[in-house]
There are 2 protein chains.
Amino acid sequence: MKFNLSQAEENYLKAIYSIGIDTGKSVNTNQIALKMKTKASSVTDMVKKLSDKGLVEHKKYKGALVTSKGESIAVSTLRSHRLWECFLVDTLEFNWDEVHDIAEQLEHIKSDSLVDRLDKFLNFPSYDPHGDPIPDKNGVIEHHKNVMLSSVDPEASCIVIGVKDSSSSFLKFLDNAGICLGKKIKVLTVEDFDQSMQLEIESKVITVSHQISKNLYVKK
Amino acid sequence: MKFNLSQAEENYLKAIYSIGIDTGKSVNTNQIALKMKTKASSVTDMVKKLSDKGLVEHKKYKGALVTSKGESIAVSTLRSHRLWECFLVDTLEFNWDEVHDIAEQLEHIKSDSLVDRLDKFLNFPSYDPHGDPIPDKNGVIEHHKNVMLSSVDPEASCIVIGVKDSSSSFLKFLDNAGICLGKKIKVLTVEDFDQSMQLEIESKVITVSHQISKNLYVKK
DNA sequence: TAAAATTTTTAGACAAGTCTAAAAATATTT
DNA sequence: AAATATTTTTAGACTTGTCTAAAAATTTTA
């Protein structure tokens, strides 16, 4: 069957897929509504529609999960989104905090070969500007190991490999703090009271809230 | 006032603008319906909507014309479309017959700076792959002189500078006939009966119908 | 210039996607 | 386990853009 989905359908699939990946469980109507910034009743309608098309599995009152067909569409939308982000940053020289909303539109362009040609032009990148892995042509995607800066022990060092939140405000904060992908961070102390962290970055010391540290992916 | 138009609205504006440029007269409902591949009643509805927004001037039963606000939106959509076509052909190496439909989607991406950055990346091209002039950042656009191959006299030579029809089938025909932008064509004879032309192109002689010759822009 | 043909508009309907308000089901608390 | 709270679904409405069919206006023809 040939799927020609609306942007709305693709966005819902992406949301259900990514919440499912994050939580590993069936995805609730309210979780989807929150992510899609819409009302639960709208979600119910759309989930029913996607379910009728065989793209999600839904049990009334029990949440939804993407089927394998749904997953492959969601992954291909993610691939498109992330490749466009690479293009916007690497080729058009946008800053990493400017590209999310534009890529959100570009990801829905329908063409058999556009994304693959873009992939080739960009020399088959593995990660987007926010450190998210880019699925290959066949939908194979490497998943983040989900190690957050907030879980790093005092005295330990790590390298920033990604951001969980791609909002402009968060990314601008990181720019100002001198934090970007690949940067080495040493955790000096963690405050018991609010889990704020003292960090050493290139011999400068800064303090960040838990809100910040739990949105940064790092590796040892 | 800030205009945030739907893709449908932008497409109608583009259609009304370009038919208006071609004919120099008020644009009829049926002409728009033909171009938009829709019904006259749908056109009436949309024209009313655009008129309410001050983007077209409409007198009942007498056709429509874009206002200056409408024109500037139409021109900026054209600019976007043509720059994306350049990108698709020059950067992603699509053939010129593959890009129209994709650019038709890309032209509607909403971003303050995307098109200008694309323009810069492409080194401010003046013409798209079909020879159509690209409006500059301020909406200034050079118009074709509308000299068609069909109006060239026998024994005269000319250079192909554009195509009026950007359909894949026409462009594929041109590829097969060895006709591309910049190619020199000598008109040998014009048939009285059906206005078909004998052409000499790089010492090869071919015959083309009036349908073909009236869709090729040329210069002396 | 009256009749016929064509064009345009109106009226009413439909699909997609959203919303609010209320009902139904499930989960939590006591 | 009953009462309460929360979540989810249903019902009905609205918007955008489309359509068909019929009415109104305009243009063409005789």
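Biologist: Before we start, what are we looking at?

Modeller: A predicted model, where local features need pLDDT of at least 70, side-chain atom pairs count only at pLDDT 80 or more, and totals for chains, interfaces and linings use all residues. Residues are numbered from 1 along each chain as its sequence is written, chains are lettered from A and ligands numbered from 1 in the order in which they are written, and side-chain values use heavy atoms, with hydrogens and water left out.

Biologist: Why are α1(A) and α3(A) called roughly perpendicular?

Modeller: Helix α1 (residues 7-23) and helix α3 (residues 40-52) of chain A pack at about 95°, their axes 11 Å apart. Axes are lines fitted to C-alpha atoms, for helices over the stretch in contact, with angles from 0 to 180 degrees between N-to-C directions. The label covers 65 to 115 degrees (under 35 is roughly parallel, over 145 roughly antiparallel, the rest oblique), so α1(A) is roughly perpendicular to α3(A).

Biologist: What makes them helices, and which residues meet?

Modeller: On the α1(A) side, Ala8(A), Glu9(A), Tyr12(A), Leu13(A) and Ile16(A) touch α3(A) residues including Met46(A), Lys49(A) and Leu50(A), where contact means heavy atoms within 4.5 Å. By class that contact has eight nonpolar, one polar and two charged residues. Nonpolar here is Ala, Val, Leu, Ile, Met, Phe, Trp, Tyr, Cys and Pro; charged is Asp, Glu, Lys and Arg; the others, Gly among them, are polar.

Biologist: What makes Lys49(A) and Glu9(A) a salt bridge?

Modeller: The rule asks for a side-chain nitrogen of Lys or Arg within 4 Å of a carboxyl oxygen of Asp or Glu. Lys49(A) and Glu9(A) sit at 3.5 Å, N to O, and qualify. Lys49(A) in α3 and Glu9(A) in α1 are 40 residues apart, so the pair links distant parts of the chain. Over all chains, the search finds 24 salt bridges.

Biologist: How do you know how α1 and α4 are oriented in each chain?

Modeller: In chain A, the axes of α1 and α4 (residues 68-91) come within 9 Å and cross at roughly 100°; α1(A) and α4(A) are therefore roughly perpendicular. In chain B, α1 and α4 pack at about 100° with axes 9 Å apart, and are therefore roughly perpendicular too. The α1(B) residues in that contact are Glu10(B), Leu13(B), Lys14(B) and Tyr17(B). The α1(B)-α4(B) contact has six nonpolar, three polar and three charged residues.

Biologist: And what holds for the contact between the chains?

Modeller: Chain B and chain A each give 20 residues. About 1,600 Å² is buried, with 69% from carbon and sulfur atoms; buried area is the accessible area (1.4 Å probe) that two parts lose on being put together, summed over both. In chain B, Leu92(B), Gln105(B) and Arg117(B) lose the most area, together 32% of what that side buries.

Notes:
Helices (H or I, at least four residues) and strands (E, at least two) are DSSP runs, numbered from the N terminus.
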